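Hi there,

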Amino acid sequence: MCGIVGYVGKRNAVPVLMDGLRRLEYRGYDSAGVALVRDGQIALRKTVGKLDGLQESLLAAPLSGTPGIGHTRWATHGAPSEANAHPHLDRSGRIAVVHNGIIENYQALRAELEAKGCTFRSETDTEVVPHLIAAALEAGAADFGEAARRALGRLRGSYALAVLFLDEPDALYAARLGSPLILGHADGEQFIASDVPAILGRAAEVTYLEDGELARLTRTGAAVCTLETGAPVSRAPSRVDLEAEAASKAGFDKYMLKEIHEQPRVLRGLLQKYVVEPETVALPDLGPAEPLLKSVDRITVVSCGTAFHAGMVGKLLIEHFSSVSVEAELASEFRYRAPKLAGVPLVMAISQSGETADTLASVRLAKAEGRPILSICNVAGSTLVRESDGVLFTAAGPEIGVASTKAYTAQLMCLALLAIHTARLRGEMSKEQAGVFLEELQAIPNAVHYVLARQEQVRRVAMKHHSGPSALYLGRYFNYPTALEGALKNKEISYQHAEGYAAGEMKHGPIALVDEYLPVVCVCTKTESEVYEKTLSNVKEVQARNGRIIALATDGDSALADIAEDVLFVPPTLEAFSPIVNAVALQLLAYYAAQARGLDIDKPRNLAKSVTVE
Ligand code: M6R
């Protein structure tokens, strides 16, 4: 996944593009580049590595000009190199293109263009685009917009594109098919971006480009048409409602740490938003899913990565509180097998970004079979939200750190509310019971606050255990997904191999790994079920093999304090809601392990914030 920006207005485009790219760098950061019109030419600057490299190059040899386009890349076709970095030019150097997505038929197009004499400078799929547009102009396209439409009509795959023409230096073009793209509008200035944070504070209004649309932006506005016929599209822009502050680090060292600390506020906000009376949840945007929740026997949940772990907790919550049977599926698997949806009247998708390719493909598959989609999503204008029949917004604000934190706990909170709401709708939970559960839920933000207040202790534990090659994470029932999520957090930002496992399964294999060097993170918070005793037995099995136990335990649990090398205490909560609190402790553990290893926490290697390619 890559980040795209574009600017047309009176100002020098470079600072505007660089600022936008900086805010999109979470989408990819193996190379970056800008192109702008200057002195009757397209000036290009590209560097390998993070944006700082491009910034340094621009400081050493300044560029200025307008309009301009910029790109931060996460390599798909062709290694990270200057040649493969965007923007890409046609052979005359008069057309520049930046792209996010994958052009599946680029090899055939490239062969065709090479046969006509085009020389390619990169290994990318993107480079076919400027050449195709140039060919369309040579073939007599009436104007630049028509040339772009003709060229894009030849592409298979997905794209968000911004195009700059030297011969139309007062305009920029933007097109979208399957990858997100927005247009920002301000007085005398227009912007293109992959995501709203890139234009926060610059544009008061935004237009979400839809699939199959092309926009022409000039200083005074944007005209949108369909890619297929060129027919004008009229859509009123929306107000940008995110505060610029929400996309800043607000004094924290890293976005991830800031986002970890935002969790009590986000969770409290969700409770305020969705709990309308002490015993009543109201979820106003569920749409047709709401009546279905009364009658369905089964729900299938599709999601990826951290959102998949939320799906696993969601399954346990809904099954715990109601009679609905729920399957949590990895979207990347679901879409390629032959899922049987005959007895599944409702499909739920969970995604922070709402742009994850596998999740969207699974949703489309389910929609093609006539299933309504209920999505749990953090981004209001995202593709997922727009393609869903009902939505539960996680309202966590922009999440910039690549490792998901506040979006995850917000998903868990929404799922807890949805589970209670579902049980109430079905008459399977009394009003009084709902009141009791909601009171427990109301205590969760404070419990998270308490975990954060003890971050120094978590840091000390992380400092002791970060240097080994591997770690094991164990948990049961509601906290089996917590173990998976803790391990995922650890490996993605600290690069320490970590495996999450169901504690009861340890004796069927992973126990062979346990020795006096292996850190074993045991999620063993007190529960009202027998799970606590069972997990405690597993912890003792690790102890008997001299494993280095880091226990996540409930305040005052002296049994674990005696067994474990280190204990991270969390406040008591209802077992069903404990994954929210426990996740925060494990986020901090991963954060400080990565910090101790001196790594780039907000932008871990090889990752992208939302994976808009397969
Ligand atoms: O935007 P989404 O929630 O759909 O993203 C899904 C995963 O790509 C994401 O959760 C990923 O696993 C994160 N890096 C985890 O921290």
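**Around the ligand**

In this predicted model, an N or O atom in the side chain of lysine 489 sits 2.9 Å from an oxygen atom of the ligand. The protein covers 92% of the ligand's own 410 Å² of accessible area (Shrake-Rupley method, 1.4 Å probe). The side chain of serine 353 has an N or O atom 2.6 Å from a ligand oxygen atom, while serine 404 places a backbone N or O atom 2.8 Å from an oxygen atom of the ligand.

There are 13 residues around the ligand, and Ser351, Gln352, Ser353, Thr356 and Glu492 come nearest (a residue is near if one of its heavy atoms lies within 4 Å). The shell divides into 4 nonpolar, 7 polar and 2 charged residues; Gly counts as polar here, and Asp, Glu, Lys and Arg as charged. Helix 9 gives the most to this shell, with 3 residues (helices are DSSP runs, H or I, of at least four residues, numbered from the N terminus).

**Domains**

The domain assignment, automatic or from a database, gives domain 1 (3-251), domain 2 (252-442) and domain 3 (451-608). The C-alpha centres of domain 1 and domain 2 lie 33 Å apart.

**How to read the numbers**

Residues are numbered from 1 along each chain as its sequence is written, and side-chain values use heavy atoms, with hydrogens and water left out. As the model is predicted, local features need pLDDT of at least 70 and side-chain atom pairs count only at pLDDT 80 or more, whereas totals for chains, interfaces and linings use all residues.

Best wishes

Notes
A polar contact is a pair of N or O atoms within 3.5 Å; within protein, one must be able to donate a hydrogen and the other to accept it, and residues adjacent in sequence count only if both atoms are side-chain atoms. Helices (H or I, at least four residues) and strands (E, at least two) are DSSP runs, numbered from the N terminus.
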